[in-house]
Amino acid sequence: LSQNAVASASPRKRGRPSKKFRCNVPNCGKLFTHSWHLTRHANTHDPQMEAALRCRFPGCGKLFLSQYHVDRHFKSHLN
């Protein structure tokens, strides 16, 4: 998967970086502020990547590709 930098369609909001890295996968087109966010996202389209990290909340068991996303999701059970 390649990474493309794109021009911002709207003026940059104060204090927020522009989203200039676009996913080239058909029907996706998500935009990211940093190239490494796009690289991390690209794993969601790779059939060779196995979601091996499981939510440890009792009764959930949802799978994720990164520990960051497991931790962020886990917090949703605590609200």
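Which residues does T33 touch, not counting residues up to four places away in sequence? I looked this up and found P17, S18, K19 and F21, where contact means heavy atoms within 4.5 Å.

**Basis.** I am working on a predicted model, in which local features need pLDDT of at least 70, side-chain atom pairs count only at pLDDT 80 or more, and totals for chains, interfaces and linings use all residues. Residues are numbered from 1 along each chain as its sequence is written, and side-chain values use heavy atoms, with hydrogens and water left out.

**T33.** I placed T33 in the loop between β3 (31-32) and α1 (35-42). Helices (H or I, at least four residues) and strands (E, at least two) are DSSP runs, numbered from the N terminus. The relative accessible area of T33 is 18%, so T33 is buried; buried means under 20%, exposed over 50%, and partly exposed in between, with a 1.4 Å probe and protein chains only. I also noted a polar contact of 3.5 Å between the side chains of T33 and H37. A polar contact is a pair of N or O atoms within 3.5 Å; within protein, one must be able to donate a hydrogen and the other to accept it, and residues adjacent in sequence count only if both atoms are side-chain atoms.

**Helix α1.** I listed the buried residues of α1 as H37, L38, H41 and A42. They lie on the same side of α1 because they cover an arc of only 140° around the axis, the arc being that of the directions from the helix axis to the C-beta atoms. An α-helix has 3.6 residues a turn, so residues three or four places apart point the same way.

**Salt bridges.** I counted 1 salt bridge, defined as a side-chain nitrogen of Lys or Arg within 4 Å of a carboxyl oxygen of Asp or Glu. The pair is R56 and D71, with the closest N and O atoms 4.0 Å apart. R56 is in the loop between β4 (53-54) and β5 (63-64) and D71 is in helix α2 (residues 67-77), so the pair ties together parts 15 residues apart in sequence. R56 is exposed at 52% relative accessible area, and D71 is partly exposed at 32%.

**Disulfides.** I found 0 disulfides, a disulfide being a pair of cysteine sulfur atoms within 2.5 Å. C23 is buried at 5% relative accessible area, and C55 counts as buried at 4% relative accessibility.
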